[in-house]
Structure formats: C-alpha cells, structure tokens
Amino acid sequence: MNINKNKNILSFFKNATARDWQDSRWQFKNRITKVAQLDHFPGESLLRTEKLNAVTAVYPMAITPYYLSLIQIDDENDPVRAQCIPDLREISCYKDYLDDPLEEDSHMPVPKLIHRYSDRCLAIVTEVCLTYCRHCNRKRFWPQSAHISLKTRLKKIIPYISASRQIREVIISGGDPLIFDDQTIETLLASLKAIPHIEVLRIGSRAPVVMPMRITKEFCRMLKRYRPLWFNTQFNHPAEITPESKRACNMIQESGIPVSNQSVLLHGVNDSPDVMRNLLYGLQKISVRPYYLFHCDPVKGCGHFHTDLKSGITMMEKIWSQCSGLSLPQYVLDLPGSTGKMPLNTMSGTINNNLQTHQHYFDKFM
Ligand code: SF4
C-alpha cells in the first residue's frame, strides 16, 4: 500500500488490508462515486463539496482509492485532484464548446463504432471508466454507462468490420475496456483477431495510471496471444508515475507489447515546460513512448482545462529545443471528422525562424 504517500487520504480506507489494496476488484468496488464521501477527507474545505452534486448530476464521479491516494490533500492545485475531483466550472457555460467537437457521433456507421479514417476504426466497448477524468473528451457518454451490453454492441460491430476490408486496425476503447474481466477481454480480442483482414489491435486504457493493480501476470499472458497488439495509456503528470504504474507498464512491455502514451495538454496540470519535461523524461525512464500530446479539444465540461494554441506552442518550443527526440511526443490538434490530427510543430515560430536562418543551406542542398 502506498501508505506514506498520503496518510490523510489513506486513513479513509483504514480497514483495507494490503491484499485488498492490491486487488483490482476491491479498488473498483471501493471507488469514490458520491460527493458526500469527499466530506470525510481532511481538507474538505479545499474540496468545496457543497455544490458538487450539481456537477455530478451531469458528469458522474468515480475515483479509485489508488488514484485518490496520489492527491496531496493540502495542495489546492494538485494535478491529480484537478483530473478527478469534480469542479463547478464543468457546468459553467463555455460559449461555443461542444459535446462532440470531433464529430465522432456522426461517424458511427453502426452504434458504438467510430470510423473516421479508412484503415482503422475505434470500438466503444463500454462507457464506464475506472476513474472518470474530468478533462475527458467523451464525457458526453458517461451518463449512458453500461446501458448496452458488450454482446449487443458486438452483434453490429463485428459484422461491420468483417464487411469493411479496408479496415486493418481496430482500437478497443471506451470508456475503459479494462473494466471487463480477462475472459471477456480475451473473447473480444479473439473475435476481432478472427477477422482475416485485421492485422493490428490496439487497446486504449488508463488502468496503468489510475488502477495499476488491474495489470496482472495472467492478463499480460493473455494479451501476448493477440500480438501484434499495442497498448496506449494516458499519463498527464509526473506525479502519476509511481512504482506501481511503472510495474504495470513493465509487465505489459515484458509480454512484448509496446506501451505508448497519449497525454492531453491541460491548463493547471501540465501546461508548464518544467512539468511537461519531467513527464516526458519520466515516461522515457519507464520505457513508455511519448506518442501524442493532444491539444485540449473544445469539449463542453472541459473549458477550464483549455489552453490557447499560442501558449501550447510556446511551451512546446522550449521542450523541442531541450529534450531528446526519443522523449518527444507529436503535439497535435485533433480536427473534426476525418480531417485528422494536425501537427502543431509546423506552426512554431522558432522552427520557421530556423528555416529562414538556414535558408542558404536549403537553397544549396535541398
Ligand atoms: S479513462 Fe479515457 S474515456 Fe475514461 S474518463 Fe478517462 S479519458 Fe475519458
């Protein structure tokens, strides 16, 4: 148990044994889902729980005890707190913000399957998450949690993929697919792998970050049977890189499955060069590839996390000039529909200045 990390929060779970703490079912069952539960924590005034029911009526809350234990309760600006404790600003009006700015819903040829790009598609296998991230760009789905069973979803998803020979890669996402048990995930992987033109599978899950005990030897042994398989997760702050999350990522990697990271640029969480550099170096140290840094989408309920493009590019210019290529994610802006991801380094003033400074080199050799 991460007992020294935050004694105040862990005292709430004082009846849990070390064995309970390492058990993902215990973690899931004991998620904090009611605002009233937050009142039991020291520092409640900082949590400002009194009006949060209005937020959770729209956007539910769920936080695993493990992820909660990463919060430094005395720090009002704690980056883990910002990502999991509801905030009144989620229901403030951010003019022009949209439920679905990427137009995913209008790219669903069958329910729960997003097909935005010709060669790959994304299956929403659940709307439930281990922990609900307050910045989630699919938070519009949360109230629908578990209304449709996986079996029902697959009845339409599998025939569509089978009939679409241009699809070579399936991303299993949600929600978080790791809310299912190993056997259910194996059935899902097997039914996709059985489609002759499916070459690659990808799982998107925040389990290594918010509930690393979900990653077990048995789970990894099962995953290994479905390679080539890629595992993408989402660390957003160095405080999320712990011995437990490192162990979870290493177990997946030891099964021959690469682990990549897709962060989101979040105001107040990771929008400073120092934090971002520590995150990227920290990921590199645990052999997790920084793959994408997404500019925060203009999603309703996430406006307070939004940074403007100029600040994001200015911050990343420092990172681009200081950090080794192996620790650099692509900083991208996801655009609606099938337009795709726009790399933002092309908009960097420094890069454009460098191009001008070295114009003679280009003129001569390029
Ligand atoms: S785990 Fe993913 S889908 Fe679930 S709330 Fe977090 S970002 Fe959204």
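Biologist: Where is serine 287 found?

Modeller: Serine 287 sits in the loop between helix 14 (273-285) and strand 7 (289-295). Helices (H or I, at least four residues) and strands (E, at least two) are DSSP runs, numbered from the N terminus. This is a predicted model, where local features need pLDDT of at least 70, side-chain atom pairs count only at pLDDT 80 or more, and totals for chains, interfaces and linings use all residues. Residues are numbered from 1 along each chain as its sequence is written, and side-chain values use heavy atoms, with hydrogens and water left out.

Biologist: Why is serine 287 called exposed?

Modeller: Its relative accessible area is 52%. Exposed means over 50%, buried means under 20%, and partly exposed lies in between (1.4 Å probe, protein chains only). Serine 287 is therefore exposed.

Biologist: What is phi of serine 287?

Modeller: Phi is near 65°, a positive value in a residue other than glycine. Most residues other than glycine have a negative phi. Lysine 112 also has a positive phi, near 70°. Lysine 112 lies in the loop between helix 8 (79-84) and strand 1 (113-117).

Biologist: Is lysine 112 buried or exposed, and why?

Modeller: Lysine 112 has 10% relative accessibility, so it counts as buried.

Biologist: Which residues does the cis peptide bond with omega of about 20° join?

Modeller: That bond joins glycine 174 and glycine 175. Glycine 175 is in the loop between strand 3 (169-173) and helix 10 (182-193). Arginine 227 and proline 228 are also joined by a cis peptide bond, with omega about 0°. Proline 228 belongs to the loop between helix 12 (217-224) and strand 5. Most peptide bonds are trans.

Biologist: Why is threonine 233 called buried?

Modeller: Its relative accessible area is 3%, so threonine 233 is buried. Its place is in strand 5.

Biologist: What does the side chain of threonine 233 reach?

Modeller: It reaches the backbone oxygen of serine 205 at 2.8 Å. A polar contact is a pair of N or O atoms within 3.5 Å; within protein, one must be able to donate a hydrogen and the other to accept it, and residues adjacent in sequence count only if both atoms are side-chain atoms.

Biologist: Which residues does threonine 233 touch, not counting residues up to four places away in sequence?

Modeller: Among them are Ser205, Arg206, Pro208 and Val259. Contact means heavy atoms within 4.5 Å.

Biologist: Where does threonine 242 lie?

Modeller: Threonine 242 lies in the loop between strand 5 (229-233) and helix 13 (243-254). With a relative accessible area of 5%, threonine 242 is buried. Leaving aside neighbours within four places in sequence, threonine 242 is in contact with Tyr66 and Leu70.

Biologist: What makes leucine 150 count as buried?

Modeller: Its relative accessibility is 12%, so leucine 150 counts as buried. Leucine 150 is found in helix 9 (residues 150-163). Not counting residues up to four places away in sequence, leucine 150 touches Val125, Phe180 and Thr184.

Biologist: How do you know that the end-to-end span of helix 15 agrees with its residue count?

Modeller: The expected span of a helix is 1.5 Å times one less than its number of residues. Helix 15 (residues 309-322) has 14 residues and should span 20 Å; its end C-alpha atoms are 20 Å apart, so the two agree.

Biologist: What caps the N-terminal end of helix 15?

Modeller: Aspartate 308 does: a side-chain oxygen lies 3.2 Å from the backbone nitrogen of lysine 310. The buried residues of helix 15 include Ile313, Met316 and Trp320.

Biologist: Why does the radius of gyration of the chain agree with that of a compact globule?

Modeller: The radius is taken over C-alpha atoms, and the globule rule is 2.2 Å times the number of residues to the power 0.38. For 366 residues a compact globule would be near 21 Å; the chain has 21 Å, so it agrees. Of these residues, 51% count as buried. The secondary structure comes to 17 helices and 9 strands.

Biologist: Which domains does the domain assignment give?

Modeller: It gives domain 1 (7-91) and domain 2 (105-357). Domain bounds come from an automatic or database domain assignment. The two centres are 24 Å apart, taken over C-alpha atoms. At their boundary, 29 residues of domain 1 are in contact with 33 residues of domain 2.
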